[in-house]
Amino acid sequence: MKFTRRAACAALALFMSTAATVAPAFGFEPAIVFDMGGRFDKSFNEGANNGAERFKKDTGTNFRWFEVTNEAQREQFLRRLASRNADIIVSVGFSMAPSVEKVAKEFPNVRFTLIDGNVNLPNVQSIEFAEHEGSYLVGVLAAMASKTGTVGFVGGMDIPLIRRFACGYEQGVKATNAKATVLANMAGSTPAAWADPTRGSELAKSQFDRGADVIFAAAGQTGMGVLQAASDAGKLSIGVDSNQNHLFPGKVLTSMVKRVDVAAYEAFKTAQDGTWKAGHRRLGLKEDGVGWAFDENNKALITPAMKAAVDKATADIKSGARTVANYDDAKGCKY
C-alpha cells in the first residue's frame with residue numbers, strides 16, 4: 001500500500017512537471033486550464049493561450065497550464081492548482097463553471113477568472129461576451145458576399161451560448177437582405193461536438209448542396225472541417241473566436257473575433273498588479289470585446305460597400321441606435 005501511494009505521488013509529480021510545462025519557480029504564480037478541444041485548437045482555447053503567452057512575454061512571468069481531455073479533469077485540475085497556491089487560475093470555457101464554483105468555495109483565498117461563464121462568488125471574476133453583436137456584423141458581410149442569397153451556420157454543441165451566435169448572425173443577414181435564407185445545423189449535443197472536423201465538413205457540404213455559398217462556423221475544432229470544406233468547394237467560410245483568416249487565405253470571408261486573449265491577459269496582469277476584481281463583466285462591441293477580422297488575408301473579399309455597411313452597423317450598435325436581440329433575452333431572439 002505504501003509503495004502504491006509513493007508511486008502515485010511520483011507519477012503526479014512527473015505529470016505536473018510535464019503537463020504544466022512552464023511552471024513558475026517562485027513569486028507570482030498564475031495558471032490557466034484549457035477546456036476540451038486543446039490549447040492549440042486555432043479558436044477559443046488558442047485565443048486564451050495567446051493572451052497568456054503575451055503576459056509571459058511582457059512580464060517575464062511563467063504560468064502553469066493544463067488541457068482538459070475528459071470532463072472529470074476540470075475539477076481535478078482546478079483543485080490541484082488551488083492546493084498548490086496558484087495566485088490566479090484562469091478557467092477557459094462555459095463548461096468550467098460548475099467546477100469553478102465548487103473549487104472556489106473550497107479555496108476562498110485563491111482567485112479564479114472564468115471566461116465564457118458566470119459564477120457569483122467573492123473570489124471569482126466572470127467574463128462573458130456579447131457574441132450576438134459580433135455575429136450580427138459577420139451576418140451583414142455574409143449577406144453582401146453571397147451570390148445565391150443562401151448562407152449557412154454550423155454550431156458546435158447545441159447550447160444557449162452557440163444559439164447566441166446564430167441569433168445575431170441571422171439578424172445581420174436579414175437586416176441586409178430580408179429575402180435571404182439562413183441554413184443552420186448544430187454538430188451535436190455533447191462536448192464531442194467541439195472536436196469533430198469530419199462532422200463539420202459533412203454539415204458544410206450538406207449546406208453547400210442546398211445552395212449556401214457562405215457558412216459561419218462557431219464550433220471549435222469542428223469548425224476547421226467547415227473552413228476546409230468551403231476552401232475545397234470554392235465557397236466562403238467565416239471563422240470564430242480567434243482570427244482564422246490566415247488558415248485559408250482568400251476563402252475565409254472574415255472571422256467573428258472574441259477577445260479571449262485580452263480577457264486572459266488582463267486576468268493575469270491585474271492579479272499581478274493588485275487591481276483584479278471579482279464580479280461579472282460582459283464585453284461587447286462598445287468594450288471592444290467582440291468584432292470582425294479585416295487583414296491582408298481577406299481584404300480582397302471585402303468591398304468598400306461591405307466595409308462601409310459593417311462600419312455603420314458597428315457604430316450604430318455601439319451608440320445604441322441599433323439593438324441586436326439576444327437569444328437569452330426574455331422575449332427570445334426576434335428577427
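Visitor: How many aromatic pairs does the rule count here?

Guide: In this predicted model, the count comes to 11 aromatic pairs. One of them joins Phe28 and Phe55.

Visitor: Why is the pair of Phe28 and Phe55 called edge-to-face?

Guide: Two values decide the matter. The ring centres are 6.3 Å apart, and a pair requires centres within 6.5 Å. The planes stand at 65 degrees, and angles over 60 count as edge-to-face.

Visitor: What does the pair of Phe28 and Phe55 tie together?

Guide: Phe28 belongs to the loop between helix 1 (2–19) and strand 1 (30–34), and Phe55 to helix 2 (residues 44–59), so the pair ties together parts that are 27 residues apart in sequence. Phe28 and Phe55 are both buried.

Visitor: Why is the pair of Tyr169 and Phe216 called tilted?

Guide: The centres of Tyr169 and Phe216 lie 5.1 Å apart, with 55 degrees between the planes. Tyr169 is in helix 6 (residues 160–176) and Phe216 in strand 8 (residues 214–218), so parts 47 residues apart in sequence are tied together.

Visitor: How do you know that Tyr169 is buried?

Guide: Buried means under 20% relative accessible area. Tyr169 has a relative accessible area of 0%, so Tyr169 is buried. Phe216 also has a value of 0% and is therefore buried.

Visitor: What makes Arg54 count as lying over the face of Tyr265?

Guide: The rule asks for a charge within 6 Å of the ring centre and within 35 degrees of the ring normal. Arg54 lies over the face of Tyr265, at 3.7 Å from the ring centre. Tyr265 is also part of a cluster that ring pairs form with Phe28, Phe55, Phe63 and Phe268.

Visitor: How do you know that the largest cavity lies between domain 1 and domain 2?

Guide: Domain 1 (30–129 + 261–286) and domain 2 (131–258 + 303–319) both give residues to the lining of the largest cavity, so it lies between them. The volume of the largest cavity is about 280 Å³. Of the 25 residues in its lining, the closest to the centre are Phe44, Phe94, Trp194, Gly220 and Asp241. Helix 6 supplies the largest share of the lining, 3 residues.

Definitions and conventions. Residues are numbered from 1 along each chain as its sequence is written. This is a predicted model: local features need pLDDT of at least 70, side-chain atom pairs count only at pLDDT 80 or more; totals for chains, interfaces and linings use all residues. Side-chain values use heavy atoms; hydrogens and water are left out. Rings of Phe, Tyr and Trp (its six-membered ring) pair if their centres lie within 6.5 Å; planes under 30 degrees apart count as stacked, over 60 as edge-to-face and the rest as tilted. Helices (H or I, at least four residues) and strands (E, at least two) are DSSP runs, numbered from the N terminus. Buried means under 20% relative accessible area, exposed over 50%, partly exposed in between (1.4 Å probe, protein chains only). On a 1 Å grid over the protein atoms alone, a cavity is a set of points where a 1.4 Å probe fits but cannot get out, and a pocket is an open set with protein on both sides within 12 Å along at least five of seven lines; lining residues have an atom within 4 Å of a point. Grid points are joined across faces, edges and corners, and a volume is the space filled by probe spheres set on the points. Domain bounds come from an automatic or database domain assignment.
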